[in-house]
Amino acid sequence: MSKPESKPVLVVGAGPAGLMAALNLTKNGVPVRIIEKLPEFHHASRGTGAHARSLEIYYYLGMLDDFLNIASGVPDMVAYKLPGGTEPQKTWKLWDPMTPTPDRPIVGEKKVSLGQYRLEGIFRKHLSALGVNIELATELVDCVQDDEGITATLKKNDSEVEKARFAYVIGADGARGVTRKLIGATFAGQTKEADGQVWADLELEGLSDDYWHLWSEPGRFTVTIRASGDGENHFHAGIIGVNFDPIDLTDPEKFVNFIYENTGRRDLKFKNFLSISYWKPKMRMVNKFYSGRAFIVGDAAHVHSPTGGQGLNTSVQDSFNLAWKIALVYKGYARPELLSSFEAERLPVVSHMLSNTTELYGHIVAEKDGATREVDEDRSGFLQWRNKALFQLDINYRWSPIVLDARGQGDLDETALKARAYVGYPGEPVHAGDRAPGAPGLVDASGKEIRLHDIFKTTLHTILIFSPETPDAEKQIDAVIKTVQSLPENTAQVVILGRHGVPKARDGTVGYHDTQGYAYGAYYAEEDKVTVVAVRPDTYIGAFVFEADDLKSYFSLIFRNL
């Protein structure tokens with residue numbers, strides 16, 4: 001093991017991506033400083049939807065209950081006829097609801113809508129409990145790398161300058177941030193120059209909070225208003241322009257007048273604007289996610305249409321992928337080369353996500369008769385998302401240089417594997433690089449029941465051993481356990497699963513009876529063969545093997561001196 005770091009990690013930006021990085025690093029025992037350029041925390045809804053994969057991550061970090069306590073559901077959509085604006089033309093669901101399954105228990109959760117500023121408040125609460133607070137009115141000006149770390153120049157309150165040393169820098173400072181420029185990343189893509197969007201959080205009377213209300217003029221604009229969940233008569237409203245740029249509507253009076261004149265709904269009483277902002281549609285991403293010891297996550301690395309609700313969700317998953325890797329390298333347990341896998345894994349995912357959200361952008365304003373036309377089961381339409389990849393549970397890293405599957409990856413080469421980075425392999429057997437499925441009905445020797453979701457840890461590799469009742473199984477399992485015991489202390493846990501009873505107790509392991517066969521089924525484990533699955537701290541499968549030597553080969557991709 002090399003000498004561990006002592007300098008903190010600098011996180012630049014206190015939005016969801018930065019807060020996720022800071023929280024996960026802190027839980028992994030890595031000291032952080034998190035800075036935010038703004039002098040105070042914002043109070044705007046911004047990104048409001050949490051997809052299933054993000055909810056899983058919140059669960060693993062211990063913050064899901066706080067989220068669900070204040071989140072709300074996504075109401076049915078209702079489009080009104082124009083002119084007039086009061087007669088409903090059609091009602092529908094933004095996306096088709098999915099039914100929870102044993103391997104995907106979080107799917108179907110209805111309370112998925114929460115304003116970004118309130119989500120950030122939950123993150124800050126959990127960070128504060130761990131002794132970490134955000135430094136406001138503090139920005140990164142410059143950073144210089146050397147072999148031992150990074151010297152960062154920070155500016156506080158627009159005047160005071162501080163130079164400080166850090167082990168790593170994580171730039172979560174958004175599309176206009178400086179970190180991307182400092183690492184020399186490009187930001188290729190497109191800007192919809194003829195389009196624009198204005199969004200407001202406001203108080204409003206005269207509109208039900210039971211629906212997501214829409215008025216759309218084909219090929220020109222959509223007005224959208226829905227309850228924000230922040231209190232009675234609190235709504236989130238937007239004017240979305242296509243071939244029409246509403247940039248001058250950031251004035252509240254002009255915003256209201258546009259709605260009155262174009263929807264006919266002069267009965268609506270706009271009481272108070274809490275926030276209002278303008279967004280020029282951009283679809284861009286970087287050519288690289290890091291340079292040396294500096295990394296970028298979230299909007300600093302990719303910006304895109306809000307259609308499909310992928311932005312915030314993708315951003316927190318960037319950080320979730322990165323944090324455990326930095327933690328292992330920081331502690332000296334892993335080689336610095338491990339960190340290159342962050343870019344290798346996330347870049348293809350983001351590239352395909354960007355393509356999907358760009359396609360959905362074409363459905364934010366109704367086409368002629370678009371609000372009444374039925375949508376094919378597998379095709380999206382006007383504000384109707386029919387792409388199950390949006391839930392982000394099928395995102396995978398099967399091509400990654402740090403995953404190992406003893407069965408191989410079929411006939412697909414690296415290019416073909418990357419082509420399915422975002423949409424995955426629904427209905428096919430799980431492989432190394434896939435999200436680790438859940439499974440309920442695991443019972444220990446005392447009779448206590450637990451789920452895999454309760455076993456996985458964001459600070460540990462979890463080694464699942466599917467234990468058959470065969471003569472040579474004991475020797476194979478002992479060899480696997482010995483391999484795990486060669487790892488640095490407190491980096492892995494071993495869980496032995498038996499199909500027909502609680503497996504034999506062994507020091508340093510825990511055993512469960514897979515009473516309903518959900519775990520064996522989800523992982524396609526054979527009852528007469530030892531199967532070993534290494535689940536990474538980000539709850540992706542790092543290895544799917546059958547022998548201790550193959551498990552050691554996987555660990556050699558992650559840890560030093562193996």
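This is a predicted model: local features need pLDDT of at least 70, side-chain atom pairs count only at pLDDT 80 or more; totals for chains, interfaces and linings use all residues.

Student: What is the strand order in the open sheet of 3 strands?

Tutor: The order is β12-β18-β21, and the pairing is antiparallel. The edge strands, each pairing on one side only, are β12 (187-191) and β21 (302-303).

Student: How many bridges join β18 and β21?

Tutor: Strand β18, residues 282-286, pairs with β21 over 2 bridges in the antiparallel sense. Within that pairing, R284 is opposite V303 of β21.

Student: Which helix lies across β12, β18 and β21?

Tutor: That is helix α8, residues 340-361, which runs at about 175° to β18.

Student: And how do α7 and α8 pack, roughly parallel or roughly antiparallel?

Tutor: Helix α7 (residues 311-330) packs against α8 at an angle of about 170°, and their axes are 10 Å apart. Angles over 145 degrees count as roughly antiparallel, so α7 is roughly antiparallel to α8.

Student: Which residues make the contact?

Tutor: From α7 they are T314, Q317, D318, N321, L322 and K325; from α8 they are S341, F342, E345, R346, V350 and M353. By class, the contact of α7 with α8 comprises 4 nonpolar, 4 polar and 4 charged residues.

Student: Changing topic, what is the volume of the second largest pocket?

Tutor: Its volume is about 420 Å³.

Student: What lines that second largest pocket?

Tutor: The lining of the second largest pocket consists of 20 residues, and W95, P97, G108, E109 and K110 lie nearest the centre. This lining has 13 nonpolar, 3 polar and 4 charged residues.

Notes: Residues are numbered from 1 along each chain as its sequence is written. Side-chain values use heavy atoms; hydrogens and water are left out. On a 1 Å grid over the protein atoms alone, a cavity is a set of points where a 1.4 Å probe fits but cannot get out, and a pocket is an open set with protein on both sides within 12 Å along at least five of seven lines; lining residues have an atom within 4 Å of a point. Grid points are joined across faces, edges and corners, and a volume is the space filled by probe spheres set on the points. Ala, Val, Leu, Ile, Met, Phe, Trp, Tyr, Cys and Pro count as nonpolar, Asp, Glu, Lys and Arg as charged, and the others, Gly among them, as polar. Two strands pair if DSSP finds at least two bridges between them. Helices (H or I, at least four residues) and strands (E, at least two) are DSSP runs, numbered from the N terminus. Contact means heavy atoms within 4.5 Å. Axes are lines fitted to C-alpha atoms, for helices over the stretch in contact, and angles run from 0 to 180 degrees between N-to-C directions. Angles under 35 degrees count as roughly parallel, over 145 as roughly antiparallel, 65 to 115 as roughly perpendicular and the rest as oblique.
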